[in-house]
Amino acid sequence: MHSRVSNHEASNKQIGCKGELRQIRKKNNKNKSEARDQQLKKKEFESLRAENGNLEELIECLIAGCRQVPATDLQRQEISVDLSYSHPHFDVKDEEQGMNSDVEGNAEELDGLELDDLRDDDPEKSLIIQPNTIAEFLLKIDEDVASNVDFSDFMICFNGEQKTIGRYSFPISLVPTVERIMNAYGDVSASSPMNNNITGKIYQLFCATIKEMEDLELHQVTETKMLKWRDAIKDALRVNFKVEFAMSHLKKIARAYFGGIGEQVLLTINEKLNSLYKEHAKALEGFKDFLANAKDFDGQSVSTGLFP
């Protein structure tokens, strides 16, 4: 009997120990789970903090960029030739590309300065004109380069009925121009010792140049066109035609061409100034009652005037 009681007690103790072990294991598992959760939360927190740091850096960069870019853009707008504004006197279509008679590689440079590129059709064509760019083009007018002018460069019919004037034949469309030249300057070809078969085409191209000058207004002139005229005039000078007057006039046209650009630049600047004046007046009206108060604290602490 005593032995059974002892065995029963031992069994109960064993059961109690197992229960305690289960509780301990359960508690340990719970602690481990909580520890894992804490680790995951810690990792997530670190990840979020790192991401937040990256976002802060990005925001700082964007703010810095915003502080710099507008200054650059405003500077470009104020000191450049911002010709994206249309002008009532400069509204022409593009000349054919590739007609530049200058050395190879300069066609794109010259196309960028034509007045038709000053319109608002394409914002990317908004152009900055530097004084040295203008000077360079004016020098091109005097350059003695290989000629690249031909009948196809003029909107004139060179075929059909011809009329003989002096030693040369001209298409009817050029006759009035030839007569005006002769009346004003005499026979410009008289001093040329070369054969008429050689100088005939040169004479016609020269007269076609003068006719275009008669037909076009300043806003219709392009740099490509002026270089074609230069070639025709230079060819005439090479065969000893007395056409220096035409070269002098071409230089005057070139200067007027850039003067037209200058008019547009000044118009744009005046529009901006008028807008700024209006903003200034509006701001002054809104703050005029407070400006004197601001001056009271200029360069001083805001306690100024607090103590008699």
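N197 is exposed, with a relative accessible area of 72% (exposed means over 50% relative accessible area, buried under 20% and partly exposed in between, with a 1.4 Å probe and protein chains only). The structure is a predicted model, in which local features need pLDDT of at least 70, side-chain atom pairs count only at pLDDT 80 or more, and totals for chains, interfaces and linings use all residues. Residues are numbered from 1 along each chain as its sequence is written, and side-chain values use heavy atoms, with hydrogens and water left out.

The chain contains seven helices and two strands, where helices (H or I, at least four residues) and strands (E, at least two) are DSSP runs numbered from the N terminus. Along the sequence these elements follow the pattern α-α-α-β-β-α-α-α-α. Of the 308 residues, 30% count as buried. The chain exposes about 21000 Å², of which carbon and sulfur atoms supply 54%; accessible areas come from the Shrake-Rupley method with a 1.4 Å probe, and for residues only the protein chains shown count as cover. Among contacts in the chain with a separation of 6 or more, 75% are accounted for by residues 24 or more positions apart, a contact being heavy atoms within 4.5 Å.

Helix α5 spans residues 196-215 and includes T209. N197 is also placed in helix α5. The C-alpha atoms of N197 and Y168 are 9.1 Å apart in space, while the two residues are 29 apart in sequence. In contrast to the exposed N197, T209 is buried, at a relative accessible area of 0%. When its neighbours within four places in sequence are left aside, T209 is in contact with F154, W229, A232 and I233.

Two cysteines were examined for accessibility. C207 counts as buried at 0% relative accessibility, whereas C157 is exposed at 52%. A disulfide is a covalent bond between the sulfur atoms of two cysteines. A search of the whole structure finds zero disulfides, the criterion being a pair of cysteine sulfur atoms within 2.5 Å.

The loop between α6 (223-238) and α7 (244-296) contains N240. This residue, N240, has a positive phi of about 70° although it is not a glycine. Most residues other than glycine have a negative phi. N240 counts as partly exposed because its relative accessibility is 34%.
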